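Please look over the sequence and the model below before reading on.

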Amino acid sequence: MRQWHDEDIIQFAEINQNAEVMEYMPKLLSTEETMHFYERIVSEHEKYGYGLYAVELKNTGEFIGYTGFHHFCFEAEFSPGIEIGWRISRKHWNQGYATEAAKACLDYAQKKKLFKEIYSFTATCNHRSERIMQKIGMMHHGYFSHPALPDGHRLKQHTLYRLELNR
């Protein structure tokens, strides 16, 4: 994992336009939307000193996605909070990269005492991401209806995981 580089944006846009990668997101992101997302990522790093980290392959340096932390604030009993999340290019799925990077992020947060608890959430139908939450030691904390999605949306119902970090 590393800080982001401007040249990551092209591959990041490709990831955000892949229908399989974005299956459990409300929509594919345009290049312009990806650019705005990238700017939010950089802004969070500047504000907090941590955030979503670029993930690259050690042997080639190829950018393959992100893993890390995001501050969220929406109407829910557990909000505001900090989320751990990931997005990896389709061709690199099922190789353990998201799990390995997420565990490294949690280790870093624990060592640096960044926060005392962290959440992760996804649409209830996204079993791949839920499995990663379980593999990194998070505990199921319940379900909620994501307030950013309209009633009846196929992704409205979310599963919520939580992990307490020793302080």
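**A walk through the model**

Strand β1 is mostly covered, with four of its five residues buried. Buried here means under 20% relative accessible area, exposed means over 50%, and partly exposed lies in between, with a 1.4 Å probe and protein chains only. Strands (E, at least two residues) and helices (H or I, at least four residues) are DSSP runs, numbered from the N terminus. This is a predicted model, in which local features need pLDDT of at least 70 and side-chain atom pairs count only at pLDDT 80 or more, while totals for chains, interfaces and linings use all residues. Residues are numbered from 1 along each chain as its sequence is written, and side-chain values use heavy atoms, with hydrogens and water left out.

What does β1 pair with? Its partner is β2, which runs antiparallel to β1 and is joined to it by five bridges; two strands pair if DSSP finds at least two bridges between them. Within this pairing, L52 stands opposite G68 of β2. The hairpin of β1 and β2 has six residues between the strands, and G61 takes a positive phi near 80° there. As a general point, side chains in a regular strand alternate between the two faces of the sheet.

The charged side chains come next. A salt bridge is a side-chain nitrogen of Lys or Arg within 4 Å of a carboxyl oxygen of Asp or Glu. By this rule the model has nine salt bridges. In one of them, E62 meets K91, with the closest N and O atoms 3.2 Å apart. E62 sits in the loop between β1 (52–56) and β2 (63–72), and K91 in the loop between β3 (81–88) and α3 (97–112), so the pair ties together parts that are 29 residues apart in sequence. E62 is partly exposed at a relative accessible area of 28%, whereas K91 is exposed at 60%.

Another salt bridge joins E23 to R128, and here the closest N and O atoms are 3.7 Å apart.

K27 is partly exposed, its relative accessible area being 46%, and E33 is partly exposed at 26%. Salt bridges also link R2, D8 and E56 in a network.

Helix α4 also holds R131. R131 is partly exposed, with a relative accessible area of 44%. From C-alpha to C-alpha, R131 and T99 are 9.3 Å apart in space, although 32 residues separate them in sequence.

Aromatic rings form a further set of contacts. Rings of Phe, Tyr and Trp (its six-membered ring) pair if their centres lie within 6.5 Å; planes under 30 degrees apart count as stacked, over 60 as edge-to-face and the rest as tilted. The count by this rule is 24 aromatic pairs. F74 and F78 have ring centres 5.9 Å apart and planes at 85°, so their pair is edge-to-face. Both F74 and F78 are buried. One aromatic cluster is formed by W4, F12, F37, Y38, F63 and Y66.

Last come the pockets. On a 1 Å grid over the protein atoms alone, a pocket is an open set of points where a 1.4 Å probe fits, with protein on both sides within 12 Å along at least five of seven lines, and lining residues have an atom within 4 Å of a point. The largest pocket holds about 1400 Å³ of space. It is lined by 48 residues, of which M25, Y66, E83, W86 and R87 are the closest to its centre. At least two lining residues come from each of α2, β2, β3, α3, β4 (117–123) and α4.

The second largest pocket holds about 250 Å³. Its lining includes M1, E56, K58 and Y97. The elements that give two or more residues to this lining are β1 and α3, and α3 gives the most, with four residues.

Note on methods: Grid points are joined across faces, edges and corners, and a volume is the space filled by probe spheres set on the points.
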